Amino acid sequence: MSDVETPISLVELRLAARNHAMPLEALRYPITPPGLHYLLTHYDIPTVHEATYRLEVDGLVATPLSLSLDELRARPAVETAVTMECAGNGRALIEPHVVSQPWLDEAVGTAIWRGTPLRGLLSEAGMTDDAVEVVFTGLDHGLEGGIEQAYQRSLSLIDVHRPEVLLAYEMNGAQLAPQHGFPLRLLVPGWYGMTSVKWLGRITAVDRPFEGYQQLHSYRLRQEEDEPGEPLSRILPRALMAPPGFPEFLTRSRLVPAGPCELEGRAWSGLGVVESVEVSTDGGRTWSAAELEDDLGSSWAWKRWTFEWSATPGEHELRCRARDAAGNEQPLEPVWNLGGYANNAVQRVPVTVS
């Protein structure tokens, strides 16, 4: 597929100015510095004061809770490396064009998150037998799809009791920055980032499936506006390459000296552990296995891959693709859907070798 030439609208530029992607050269860091980690903010970043903050746990529970941040920090803590990716990553690379946040390939990052397991808190509150889902409400507020709303998502009872699901209050050894959800966020490893609700203010057990906007309308794979679609959940496999050589400023075209060149990047999947990465240096005609390294030792974090390339003068298109333990492999071409979600087609990196 050639570069998409659809003009980006002023509306999309405003979104892009508020949100930001991870520069692909940051794939060389095992842990993404917080300022380079991708960021998507639906509404405004709320101002939250730690001294007055409370997390409310209510709904169908035997013992409603109202907890300060200090009380949450005093509970048993877990620290884990997790790769998080936006469900819209790759949206700007599909055709026909979808008007929304215009992500290319870089809406991703990996951090070390620290928090308390969600299931411990829910056990303390004691959900009643008629509870079927748990709704998470953020403190951010806005208008979307003609509906005034707080950002809300829900999870099934099975998912809220998974041991890896955290209420996170630290990122990379420091308290959460305002843009990353201070003072508390939900963290659901292996799922697209829309599930990890930031600025978490309330957890509510309910007796029926949640029908809020972000659950029933957004983040669903649909071909038509009036169809219910399939809800997004776990991250599809993806490998990304840190572009080799150096860039031309305006076009970002890559220039690489002839000779030995180590290609490197990261690969991840929320559906299974990444088992292999392949690299093509001839536009996908042939593929060769890359070396895969589990340098973080976390089943929820990306793995580093490397490939030794003998770069010869001329124009080349580099590609990489991942395959996970569940047998899922990246497609060569994007699959269109109404929201431009979950485009995990292989990355293409044109380079000029001189």
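Is C86 buried or exposed? C86 is buried, with a relative accessible area of 6%; buried means under 20% relative accessible area, exposed over 50% and partly exposed in between, using a 1.4 Å probe and protein chains only.

Before going on, note that this is a predicted model, where local features need pLDDT of at least 70, side-chain atom pairs count only at pLDDT 80 or more, and totals for chains, interfaces and linings use all residues. Residues are numbered from 1 along each chain as its sequence is written, and side-chain values use heavy atoms, leaving out hydrogens and water.

**Cysteines**

The whole structure holds 0 disulfides, a disulfide being a pair of cysteine sulfur atoms within 2.5 Å. Here are two cysteines whose sulfur is too far from the closest cysteine sulfur for a bond.

| Cysteine | Closest cysteine sulfur | Distance | Relative accessible area |
|---|---|---|---|
| C86 | C320 | 19 Å | 6% |
| C261 | C320 | 13 Å | 10% |

Like C86, C261 counts as buried.

**Helix α3**

Helices here are DSSP runs of H or I with at least four residues, and strands are runs of E with at least two, numbered from the N terminus. In helix α3 (residues 118–125), the residues L118, L121, L122 and A125 are buried. They lie on the same side of α3 because they cover an arc of only 95° around the axis, taken from the directions from the helix axis to the C-beta atoms. An α-helix has 3.6 residues a turn, so residues three or four places apart point the same way. Just after α3, G126 takes a positive phi of about 70°.
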